[in-house]
Amino acid sequence: MSKLEELINKERFENFMAEHKAKKVCKILLTVGIITAVIAALYFMYRYFMQDDFDENEEDYDDDFDDDFFDDEE
């Protein structure tokens, strides 16, 4: 009976370790997913709020350079 008990205990231990590894992998993937979601949300909020500043600066510089270039050719 001792060999049968050893096999049963070995099987229980292997099942326990497999479940433990699966839980560990799930926790790691969950943590990475949460961090990725937070970073993505912060990035899109940054892009949303900073969008107006970049558009205003581009419009100011375009007109100054184009007018001088065409006046010199005449």
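**A tour of the helix and its aromatic pairs**

Select Tyr43: this residue is partly exposed, with a relative accessible area of 45%. Buried means under 20% relative accessible area, exposed over 50%, and partly exposed in between (1.4 Å probe, protein chains only). This is a predicted model, where local features need pLDDT of at least 70, side-chain atom pairs count only at pLDDT 80 or more, and totals for chains, interfaces and linings use all residues. Residues are numbered from 1 along each chain as its sequence is written, and side-chain values use heavy atoms, without hydrogens and water.

Zoom out to the whole chain. It has 1 helix and 0 strands (DSSP runs, numbered from the N terminus: helices are H or I, at least four residues; strands are E, at least two). Of its 74 residues, 0% count as buried.

Now show the aromatic rings. The structure holds 2 aromatic pairs (ring centres of Phe, Tyr or the six-membered ring of Trp within 6.5 Å; planes under 30 degrees apart are stacked, over 60 edge-to-face, the rest tilted). Tyr43 and Phe44 have ring centres 5.5 Å apart and planes at 65°, so they pair edge-to-face. Next, pick Tyr48 and Phe49. Their centres are 5.2 Å apart and their planes at 75°, so this pair is edge-to-face.

Colour by exposure. Phe44 is exposed at 57% relative accessible area. Tyr48 is exposed at 58%, and Phe49 is exposed at 57%.

Last stop: Ile34. Ile34 sits in helix H1, residues 2-73. Its relative accessible area is 48%, so Ile34 is partly exposed.
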